[in-house]
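We will go stop by stop, each time with something to pick and something to look for.

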Amino acid sequence: VLATGLLLDLTERDPDAEKRLTGLIEGRRTAAAALTGDGGLWRRSAVTLSAVPAGEFWRIDGTVRHVLGGTAADDLVVVAVAPDGEPSVFVLDPTVDGVVAEPERVLDGTRPMATITLSSAPAVRLSGDGPVDAIVARNVDMALAVLSAEQVGACERVLELATGYARTREQFGRP
């Protein structure tokens, strides 16, 4: 949700936006987002990636941890600090040279995470020269709302199972 939202908000500078978004909508592609070095909530001071221009592309360096779906993503959407000191949003192919995604040990196997190290990895800058704080914050809020709804649904199902069991349970031969 987070990566797709950022890609949707910044389509005008993505030369592959139609292919990328169509694949995400149809479920043929996945995307992962890395905003901060520690995988925590968005704040400028937590951005650990850096970007420098290199012709028509940019080169990204740094390490980010706890990237949800980072080892399986077809597209990696990252926030990196540009030479002007401002954070910018970039998209890159996680299979190119300069990208290493290492799986992390997690408690919930349905939520695989990765540590991603970028070493002069080629990327396309999606954001313009202005601040990206509002775009990133809005998409973080949307992702948190979706995650909250999922958690409420999971809790509701657990409660259904527990109360259903309590109604049919027998102890010492009595219901």
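Start by selecting H66, which sits in strand 3. Strands here are DSSP E runs of at least two residues and helices are H or I runs of at least four, both numbered from the N terminus. H66 is not a glycine, yet its phi is positive, near 60°. Its relative accessible area is 31%, so H66 is partly exposed; buried means under 20%, exposed means over 50%, and partly exposed is what lies in between, with a 1.4 Å probe and protein chains only as cover.

A word on what you are looking at: this is a predicted model, in which local features need pLDDT of at least 70 and side-chain atom pairs count only at pLDDT 80 or more, while totals for chains, interfaces and linings use all residues. Residues are numbered from 1 along each chain as its sequence is written, and side-chain values use heavy atoms, with hydrogens and water left out.

Next, pick S120, in strand 7 (residues 113-125). S120 also has a positive phi, about 55°, without being a glycine. With a relative accessible area of 35%, S120 is partly exposed.

**A tryptophan and its contacts**

Stay with strand 3 (residues 57-68) and select W58. Is W58 buried or exposed? Its relative accessibility is 14%, so W58 counts as buried. Now show what surrounds this side chain, using contact in the sense of heavy atoms within 4.5 Å. Leaving out neighbours within four places in sequence, the contacts of W58 are A51, V52, P53, A82, P83, F90, A121, P122, A123 and R125.

**Helix 1 and helix 2**

Two packed helices are described by the angle between their axes and the distance between the axes. Select helix 1 (residues 2-9) and helix 2 (residues 17-26): they pack at about 145°, with axes 11 Å apart. The axes are lines fitted to C-alpha atoms over the stretch in contact, and the angle runs from 0 to 180 degrees between N-to-C directions.

Colour L2, A3, G5, L6 and L7, the buried residues of helix 1. Their cover includes helix 2, strand 1, strand 4, strand 5 and helix 3.

Then move to P15, in the loop between helix 1 and helix 2. P15 counts as exposed because its relative accessibility is 67%. The C-alpha atoms of P15 and L126 are 9.5 Å apart, although 111 residues separate the two along the chain.

**Salt bridges**

Side chains of opposite charge can pair when their charged atoms come close. Taking a salt bridge as a side-chain nitrogen of Lys or Arg within 4 Å of a carboxyl oxygen of Asp or Glu, the count is 11.

Select R29 and D75, whose side chains form a salt bridge at 2.9 Å, N to O. R29 is in the loop between helix 2 and strand 1 (31-34) and D75 in strand 4 (residues 75-81), so this pair ties together parts 46 residues apart in sequence. D75 is buried, with a relative accessible area of 2%.

In the salt bridge between E86 and R44, the closest N and O atoms are 2.5 Å apart. E86 lies in the loop between strand 4 and strand 5 (87-92) and R44 in the loop between strand 1 and strand 2 (49-54), so the pair ties together parts 42 residues apart in sequence. R44 counts as partly exposed because its relative accessibility is 35%. D133 and R44 also meet in a salt bridge, at 2.8 Å, N to O. With D133 in helix 3 and R44 in the loop between strand 1 and strand 2, this pair ties together parts 89 residues apart in sequence. D133 has 23% relative accessibility and so counts as partly exposed.

To see a network, select D14, D16, R20, R29 and D75, which are joined by salt bridges that share partners.

**Last stop: helix 3**

Finish with V146, in helix 3 (residues 133-168). V146 counts as partly exposed because its relative accessibility is 41%.
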